[in-house]
Amino acid sequence: MHPVAPDNLWIAFGLTAAAGLATAVGSLLVLFSKRPNPRLLAFGLAFAGGAMVYVSLSEILNKSVASFAQAYGDRLGFTYGTLWFLGGVLLVVLIDHLVPNPHETLDKQDPAFKDKNRSSIRRVGLLSAVAITAHNFPEGLATFFATLESPSVGLPLAFAIAIHNIPEGIAIAVPVYFATGRKSYAFGASLLSGLAEPIGAAIGYFALAGSLSHATFGAVFGLIAGIMVFLALDELLPAAKRYAKGHETVYGLVIGMATIAISLVLFKW
């Protein structure tokens, strides 16, 4: 049985909830600001992408390999960790295939909104909320289990996912607000989508609570690493590039990696 510190359990739930509820922050940006700064948004998305890729490949994947190694030995540990990493990538590909994530087309300034009637926009908002909520479940699992094993890894991952969730909140709030004219509806829809992360974490924990062995943690960490790397490369960096006017994407990517690298070094001290 893999030991879990009680304090880590509450920290893990708290960080997961905070990261998920960042979607509500995105909706507030829609409701109370004229227009988000696109260059700042590009930098923030790239920063989150760099942070997620770095922490996934340098820490979470290594934890998967180490956990499997404790259960099966070094050679099989590396093999199983790699296979579960690839499994995480395939899982997100499957989710994308079954529930396409539409938020890349939901720019607040998208002129298409002016050409559609309210019922059509309402449908777009509903589909966006459903799709983003489906994508939030594995993110919640990622934040929770990473923090459960090591808060020093979970904290930077939660921060990166929180940044990632802000534009998702925008993606949900824009069509709902345009369709209904109700700020409360737009905020509520974003908030409910963000709650999928702590709910996903709770479901995952109680489903696995009786079998938290080294092999279980190895499998979960491998999946997490694959999911996070794919999300960063498929969603965050392309979105950052669309909003960028210059070198914001590469600067954000490198600074995001450097920030996580330095924070992990400091956690060791």
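**Figure 1. Overall fold of the protein chain.** Read along the sequence, the chain of this predicted model runs α-α-α-α-α-α-α-α-α-α. The count is ten helices and zero strands. Of its 269 residues, 50% are classed as buried. The accessible surface amounts to about 12,500 Å², and carbon and sulfur atoms account for 69% of that area. When contacts between residues at least 6 apart in sequence are considered, 87% of them link residues at least 24 apart.

**Figure 2. The largest nonpolar core.** This core comprises 43 residues, and Ile-60, Leu-157 and Met-228 have the most contacts inside it. Two or more residues come from each of α1 (6-20), α3 (38-72), α4 (74-98), α5 (118-149), α6 (151-180), α8 (196-208), α9 (214-243) and α10 (248-268). The greatest contribution is that of α9, which supplies twelve residues.

**Figure 3. Surroundings of Leu-157.** Leu-157 is one of the residues with the most contacts inside the largest nonpolar core. Neighbours within four places in sequence are left aside in this view; the remaining contacts of Leu-157 are Met-52, Val-55, Ile-60, Ala-142, Thr-143, Ala-146 and Met-228. Ile-60 and Met-228, both in this list, are likewise among the residues with the most contacts inside the core.

**Figure 4. Packing of α3 against α4.** Two packed helices are described by the angle between their axes and the distance between the axes. Here the axes of α3 and α4 approach within 7 Å and cross at roughly 135°. The arrangement of α3 relative to α4 is therefore oblique. The crossing of α3 past α4 is right-handed. On the α3 side, the residues in contact are Leu-57, Leu-61, Ser-64, Val-65, Phe-68, Ala-69 and Tyr-72. Their partners in α4 are Asp-74, Leu-76, Gly-77, Phe-78, Tyr-80, Gly-81, Trp-84 and Phe-85.

Figure 5. Ser-193 is located in helix α7, which covers residues 183-194. The relative accessible area of Ser-193 is 2%, so this residue counts as buried. With residues up to four places away in sequence not counted, Ser-193 is in contact with Ala-129, Ile-132, Thr-133, Asn-136 and Ile-172.

Note on methods. Residues are numbered from 1 along each chain as its sequence is written. This is a predicted model: local features need pLDDT of at least 70, side-chain atom pairs count only at pLDDT 80 or more; totals for chains, interfaces and linings use all residues. Side-chain values use heavy atoms; hydrogens and water are left out. A nonpolar core is a set of buried Ala, Val, Leu, Ile, Met, Phe, Trp, Tyr and Cys residues joined through side-chain atoms within 4.5 Å. Buried means under 20% relative accessible area, exposed over 50%, partly exposed in between (1.4 Å probe, protein chains only). Helices (H or I, at least four residues) and strands (E, at least two) are DSSP runs, numbered from the N terminus. Contact means heavy atoms within 4.5 Å. Accessible areas come from the Shrake-Rupley method with a 1.4 Å probe; for residues, only the protein chains shown count as cover. Axes are lines fitted to C-alpha atoms, for helices over the stretch in contact, and angles run from 0 to 180 degrees between N-to-C directions. Angles under 35 degrees count as roughly parallel, over 145 as roughly antiparallel, 65 to 115 as roughly perpendicular and the rest as oblique. A crossing is left-handed if the near helix is turned anticlockwise from the far one by less than a right angle, and right-handed if clockwise.
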